[in-house]
Amino acid sequence: MKLALFAFEAFGPWEVNSSDAVTQAVAEQLRAEGHQAVRHVLPVVLSQGPAQVVALLDEEQPDAVLATGLAGRRPDIDVERVAVNVADFRIPDNAGNRLGGEPLDPAGPDAWLASVDVHAMCTRIAATGARARVSDSAGTYLCNAVFYSLLGWTRPRGVPGMFLHIPPLPDAA
């Protein structure tokens, strides 16, 4: 099995993006268990991150996809259920872009639903001792944009794809 993992670079007030550290640890663990894991850190730039996801998925052709992002105001791991077709930024991306309600894909569906059982994923995460919950909003920033692009690639192909919002690392909170 080949798993594609995605994380983000630091952005806004965060000097460290917890998604980067988490995907690094997951990739190392999977490789140690004999699985294929490819990991990519995405720029927090709307014109680059979502397009890179699609290009990398086309290249890698993974069997499953897990994207992660930092949720600075969330205390739990959030298993995202819905990606919406809108970019509405509260803060600028790392290129200084600030969008106000534009569609991510004018020809795309209003939303995509995760292609995994989000409740089962929460149960599995909770079994490790971490707190997890289902979230129905990946926001409208880059995490949502990447999740929307990821699902636009995975859903038609029948490839499991999901997004986890990760709280800040303890020393970064």
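Is Ser-149 buried or exposed? I looked this up first, and Ser-149 is buried, with a relative accessible area of 17%. For my own reference, buried means under 20% relative accessible area, exposed over 50%, and partly exposed in between, using a 1.4 Å probe and protein chains only.

**Ground rules.** I am working with a predicted model, where local features need pLDDT of at least 70, side-chain atom pairs count only at pLDDT 80 or more, and totals for chains, interfaces and linings use all residues. Residues are numbered from 1 along each chain as its sequence is written, and side-chain values use heavy atoms, with hydrogens and water left out.

**Entry 1: helix H4.** I found Ser-149 in helix H4. Helices are DSSP runs of H or I with at least four residues, strands are runs of E with at least two, and both are numbered from the N terminus. Leaving aside neighbours within four places in sequence, Ser-149 is in contact with Pro-50 and Val-54; contact means heavy atoms within 4.5 Å. I also checked Ala-111, which is 38 residues away along the chain, and its C-alpha atom is separated from that of Ser-149 by 11 Å.

Thr-154 lies in H4 too, a helix of residues 142-157. Thr-154 is buried, with a relative accessible area of 0%. Not counting residues up to four places away in sequence, Thr-154 touches Val-65, Ser-115, Val-159, Pro-160 and Gly-161.

**Entry 2: helix H2.** I looked at residues 49-60 next, the 12 residues of H2, which reach 16 Å from first C-alpha to last, close to the 16 Å expected at 1.5 Å a residue. The expected span is 1.5 Å times one less than the number of residues. Buried here are Gly-49, Pro-50, Val-53, Leu-56, Leu-57 and Glu-60. Down the axis of H2, these buried residues fall within an arc of 125 degrees, so they line one face of the helix. The arc is taken from the directions between the helix axis and the C-beta atoms. Their cover includes E1, E2, E3 and H4. After H2 comes Gln-61, with a positive phi near 50 degrees.

**Entry 3: helix H1.** How far apart are the end C-alpha atoms of H1? They are 21 Å apart, which agrees with the 21 Å that its 15 residues should span. I noted Ser-18, Ser-19, Thr-23, Ala-27 and Leu-30 as its buried residues. They fall within an arc of 155 degrees, so they line one face of H1. Strands E1 (2-8), E2 (36-42), E3 and E10 are among what covers them. Gly-34 follows H1, and its phi is positive, near 90 degrees.

**Entry 4: the largest pocket.** On a 1 Å grid over the protein atoms alone, a pocket is an open set of points with protein on both sides within 12 Å along at least five of seven lines, and lining residues have an atom within 4 Å of a point. Grid points are joined across faces, edges and corners, and a volume is the space filled by probe spheres set on the points. The largest pocket has a volume of about 720 Å³. Its lining has 25 residues, with Val-26, Leu-66, Met-121, Ile-125 and Leu-164 nearest the centre. H1 (18-32), E3 (64-70), helix H3 (118-126) and E10 (161-166) each supply at least two lining residues.

Key: On a 1 Å grid over the protein atoms alone, a cavity is a set of points where a 1.4 Å probe fits but cannot get out, and a pocket is an open set with protein on both sides within 12 Å along at least five of seven lines; lining residues have an atom within 4 Å of a point.
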